[in-house]
Amino acid sequence: MIKTDKRPQYDAHTLRRIYLGTDGCCHICRRKLILEHYARPGIEGAWEVERLVPSQDGGNAHMDNLKPACTLCSLEHGAARPPQFGAKTGSAR
Ligand SMILES: [Zn+2]
């Protein structure tokens, strides 16, 4: 099998529990989501699973830490993360 997607895989049962945890709404903007449209950006009701606490901050894959977010909020959240600047800029001339 070839894995091209870095997104963690959730089985249908877990996805349903995450989805029902917020009554099928985005946990950020409360937009109505469609369970079957998980990970299908660009269509109505598409959503992603978000970790409230990122794994690098000690967050885990427990249900309490997983919330459904519409793809728009998910993207904004991802973009809101501070960029990682290395110690070296390497641009001295
Ligand atoms: Zn949203």
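Modeller: Please keep in mind that this is a predicted model.

Colleague: How many residues of strand β2 are buried?

Modeller: A residue counts as buried if 20 or more other C-beta atoms lie within 10 Å of its own. Strand β2 spans residues 66–70 and is mostly covered. Its buried residues number 5 of 5.

Colleague: Which residues point the other way from Leu-66, Pro-68 and Cys-70 in β2?

Modeller: In a regular strand the side chains alternate between the two faces of the sheet. In β2, Leu-66, Pro-68 and Cys-70 point one way, and these residues are buried. Those that point the other way, also buried, are Lys-67 and Ala-69.

Colleague: How many residues of β1 are buried?

Modeller: Strand β1 is, like β2, described as mostly covered. In the chain of 93 residues, 17% count as buried. For β1 the count of buried residues is 4 of 5.

Colleague: Which element supplies the largest share of the largest nonpolar core?

Modeller: The largest nonpolar core has 11 residues, including Ile-18, Trp-47, Val-49, Leu-66, Ala-69 and Cys-70. At least two residues of this core come from each of α1 (12–21), β1 and β2. The largest share, 3 residues, comes from β2.

Colleague: What pattern does the chain follow along the sequence?

Modeller: The secondary structure comes to 2 helices and 2 strands. Read along the sequence, their pattern is α-β-β-α.

Colleague: What share of the contacts with a separation of 6 or more comes from residues 24 or more positions apart?

Modeller: Two residues are in contact if their C-beta atoms lie within 7 Å. Among contacts in the chain with a separation of 6 or more, residues 24 or more positions apart account for 43%.

Colleague: Is Arg-30 buried or exposed?

Modeller: Arg-30 lies in the loop between α1 and β1. Most residues other than glycine have a negative phi, whereas Arg-30 has a positive phi of about 65°. Because Arg-30 has 12 C-beta neighbours inside 10 Å, and a residue with 12 or fewer falls in this class, it counts as exposed.

Colleague: What is the phi of Ala-39?

Modeller: The place of Ala-39 is also in the loop between α1 and β1. With 14 other C-beta atoms within 10 Å, Ala-39 is partly exposed. Although Ala-39 is not a glycine, its phi is positive, at about 55°.

Colleague: What distance separates the C-alpha atoms of Ile-43 and Thr-71?

Modeller: Ile-43 is found in the loop between α1 and β1. Ile-43 counts as exposed, with 10 C-beta neighbours inside 10 Å. Ile-43 and Thr-71 are 28 residues apart along the chain, and their C-alpha atoms are separated by 9.5 Å.

Terms used
Residues are numbered from 1 along each chain as its sequence is written. This is a predicted model: local features need pLDDT of at least 70, side-chain atom pairs count only at pLDDT 80 or more; totals for chains, interfaces and linings use all residues. A nonpolar core is a set of buried Ala, Val, Leu, Ile, Met, Phe, Trp, Tyr and Cys residues joined through C-beta atoms within 7 Å.
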